[in-house]
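Below are some notes on the salt bridges and the nonpolar core, for checking against the coordinates.

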Amino acid sequence: KEQLENLHRMVDENEQAFCDALYKDLHKHKYESLIGELAWVKQEALDTISNLKSWAEPNYVKIIMSAAAEHLTPVTLELGGKSPAIVANDMDISILAKRIIWSKMYNCGQTCIAPDYMICERSVQDAFIKEVPKVIEQFYGLDPQSSTSHYCRIINKSHFDRLQNLLNQTKGRIVHGGNFDRDDLYISPTIVADVPKEDKLMEDEIFGPIFPIVVVKNLDEAIEYVNSRDIPLALYPFIKDLPFGGQGPSGIGSYHGKRSFDTFSHERSVMTSPFAMEKLAKARYPP
């Protein structure tokens, strides 16, 4: 408990320093740092502090992590995946574009639940492409690389090179963005249209500001394609009455708050047999 309290106090007292460091390293806006990073850490610490006594009973329970594989300890994994945005042809394109661009470009696409690609009919793709420049300018200005744009950077050069290589190999059409600056770890918000289903961009999770669009004939084909792939961590259906879920390659188990404590705890059954019942129980003994 003391360690958690110290952690919360340290983060709280050094918020500005953390924000400055995140801006310097990743060009991360202060709002994103406070809401998307520091607030989560502080809230998780407070939740655990508040519930630690009840979660930890009995107090001899220990959480073993370092030797999970050796001791066959259950593991919880958040693995990510290619989370699709399935879009029907009756959607409001202006709202769609804002939601897609914000969620995809948040932290420069480096979030595990970012929409990885969009799958839709050609009419939706064409309308979306027309709307994208307006939304990106509204969010990040005419020059997203400028110091006032609030647009983030790629985490390191290795990941930068990986993303640039993906874009170099695509068979799709770059209809917006596609600009790179390795020294600044900057990749512009990039939209790639008419991406083939077996394209390089469609093999693994992109984890960056590159957004492919796959065109299909109808909604049934879109659902069939998504179902043919590994189950993603998230699914964004811009359509009514579409069931969805995640499991398998997208992750195992759950965490955050009490779920984290439960995940790393091992429940045991204990039977108590009081001596006061011995007279009644003696009938079980032979002969």
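**Notes on the predicted model**

1. Arg-173 and Asp-194 form a salt bridge through their side chains, with N to O at 2.8 Å. Arg-173 belongs to strand E4 (residues 173–176), while Asp-194 sits in the loop between strand E7 (190–193) and strand E8 (210–215), so the bridge ties together parts 21 residues apart in sequence. Arg-173 is partly exposed, at 42% relative accessible area, and Asp-194 is also partly exposed, at 22%. Please bear in mind that this is a predicted model.

2. The structure has 12 salt bridges. One of them joins Lys-42 to Asp-12, whose closest N and O atoms are 3.1 Å apart. This pair links distant parts of the chain, 30 residues apart: Lys-42 is in helix H3 (residues 30–55) and Asp-12 in helix H1 (residues 2–13). Lys-42 is buried, with 15% relative accessible area, whereas Asp-12 is partly exposed at 40%. Both residues also belong to a salt-bridge network with Glu-15.

3. Glu-131 is buried, its relative accessible area being 17%.

4. The largest nonpolar core contains 47 residues. Those touching the most other members are Leu-96, Ile-101, Met-118, Ile-119 and Phe-128. Leaving aside residues up to four places away in sequence, Ile-101 is in contact with Tyr-106, Phe-128, Val-132, Val-135, Ile-136, Phe-139, Tyr-140 and Ile-191.

Key. Residues are numbered from 1 along each chain as its sequence is written. This is a predicted model: local features need pLDDT of at least 70, side-chain atom pairs count only at pLDDT 80 or more; totals for chains, interfaces and linings use all residues. Side-chain values use heavy atoms; hydrogens and water are left out. A nonpolar core is a set of buried Ala, Val, Leu, Ile, Met, Phe, Trp, Tyr and Cys residues joined through side-chain atoms within 4.5 Å. Buried means under 20% relative accessible area, exposed over 50%, partly exposed in between (1.4 Å probe, protein chains only). Contact means heavy atoms within 4.5 Å. A salt bridge is a side-chain nitrogen of Lys or Arg within 4 Å of a carboxyl oxygen of Asp or Glu. Helices (H or I, at least four residues) and strands (E, at least two) are DSSP runs, numbered from the N terminus.
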